[in-house]
Amino acid sequence: MEMSFAGRVLDMSRCHVMGILNVTPDSFSDGGKFNSRDAALVRARQMVADGAAFIDVGGESTRPGAAPVSLQEELDRVCPVVEAIAAELDTVISVDTSSPEVMAETAKLGAGLINDVRALQRSGAPQAAAAAGIPVCIMHIQGEPDTMQDRPEYRNVRREVSSFLTERMRVAEQAGVLPENIILDPGFGFGKSLEHNLQLLASMEQLHILGHPLLIGISRKSMLGKITGREVDERLPASIAAATIAAMKGASIVRVHDVRETVDAVRVVAAMKEAG
Ligand SMILES: Nc1nc2[nH]c(S[C@@H](C(=O)O)c3ccccc3)nc2c(=O)[nH]1
């Protein structure tokens, strides 16, 4: 099952690694924009050298309580980095944004994937994703980042995540997004308790019935902290375990902080699958 990302064709029957590149001010100790853009490019080079097939560039933190970012600020953070990576690196640039304008602008600059944690729910987002003509990841979220973890509740989390994704796909396709350009994501940690996250991971292969490649993001998340008792910078082993589980269950993309280590883990899974 092949998919084209702004001209780069990838086999979605394999598991690819997406490196996380936050370009929020707190992600680089930068004196000014110049440093943060250069620091981002240095990091992107390293992740591509380590085997990342995607680089996910995000200018807006979805941390609960994070200050909202103006459109101009998000454009100022993300566009120079997308432009610099597109000019130099052989990788698919994913843009982590919910803003229709950022989708449009970054697609022009060479982005190959729209990664919207709000599932195109902002006004104009479905149309912008369709017009951009590049694949879009539709992720499940319950509520908004600010309050999603207050008291997440479901009657049946598997069923409700599937029906949300189905509805958002319908809206996207109605706006003109091509079905072959849709990737789905259960959104670990986005309005879920630990139990909800574990139920979704355990039954992840059931999401294949929706007929689209799956993107999975568990790297360093608090669900791993709850299971292991480790702080965020001590969660590499648990993150590798989660990526391995996702790859074994047929994920096409795993979104991670630690690219080099995850590339080796998914290679082991690929080797096992090839041996049949
Ligand atoms: N498609 C896709 N995009 C994503 N962006 C993120 S941000 C997340 C994090 O911990 O990285 C996060 C959540 C809350 C606060 C800070 C950071 N997570 C995903 C994911 O799971 N899937």
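Eight strands line up in an open sheet, in the order β8-β7-β6-β5-β4-β3-β10-β9, and the pairing is parallel. Strands here are DSSP runs of E with at least two residues, helices are runs of H or I with at least four, and both are numbered from the N terminus. Two strands count as paired if DSSP finds at least two bridges between them. The edges of the sheet belong to β8 (182-185) and β9; each has a single partner strand, so one side of each is left without a neighbour in the sheet.

This is a predicted model, in which local features need a pLDDT of at least 70, side-chain atom pairs count only at pLDDT 80 or more, and totals for chains, interfaces and linings use all residues. Residues are numbered from 1 along each chain as its sequence is written, and side-chain values use heavy atoms, with hydrogens and water left out.

Within the sheet, strand β3 (residues 16-22) is mostly covered, with 6 of its 7 residues buried. Buried means under 20% relative accessible area, exposed means over 50%, and partly exposed lies in between (1.4 Å probe, protein chains only). On one hand, β3 runs parallel to strand β10 (residues 253-256), joined by 4 bridges, and glycine 19 sits opposite valine 256 of β10. On the other, β3 pairs with strand β4 (residues 54-58) over 5 bridges, again in the parallel sense; here isoleucine 20 has aspartate 56 of β4 as its bridge partner. Further along, strands β5 (residues 92-96) and β6 (residues 113-116) run parallel with 3 bridges between them, and serine 94 faces leucine 113 in β6.

Strands β1 (residues 2-5) and β2 (residues 8-11) run antiparallel and share 4 bridges. Methionine 3 has leucine 10 of β2 as its bridge partner. The hairpin they make has 2 residues between the strands, and alanine 6 takes a positive phi near 50° there.

The largest nonpolar core has 73 residues, and the members touching the most others are Leu21, Val57, Ile85, Ile138 and Val254. Such a core is a set of buried Ala, Val, Leu, Ile, Met, Phe, Trp, Tyr and Cys residues joined through side-chain atoms within 4.5 Å. Helix α2 (residues 71-88) gives the most to this core, namely 7 residues. Apart from it lies another core of 13 residues, including Met3, Leu10, Met18 and Phe54. Beyond its neighbours within four places in sequence, valine 57 is in contact (heavy atoms within 4.5 Å) with Leu21, Val23, Val78, Val81, Ile85, Ile93, Ser94, Val95 and Asp96.

Taken as a whole, the protein chain comes to 9 helices and 10 strands. With 276 residues, a compact globule would have a radius of gyration near 19 Å, and the 17 Å of the protein chain agrees with that. The radius is taken over C-alpha atoms, and the globule rule is 2.2 Å times the number of residues to the power 0.38. Of the 276 residues, 51% count as buried.

As for confidence, the model scores ipTM 0.98 and pTM 0.97. The average pLDDT (the predictor's confidence in each residue, from 0 to 100) is 95 for the protein chain, and 96% of the residues score at least 70. Over residues 29-33, though, the pLDDT is below 50, and this stretch has 5 contacts in the model beyond near neighbours in sequence. Where pLDDT is low, the predicted coordinates should not be read in detail.
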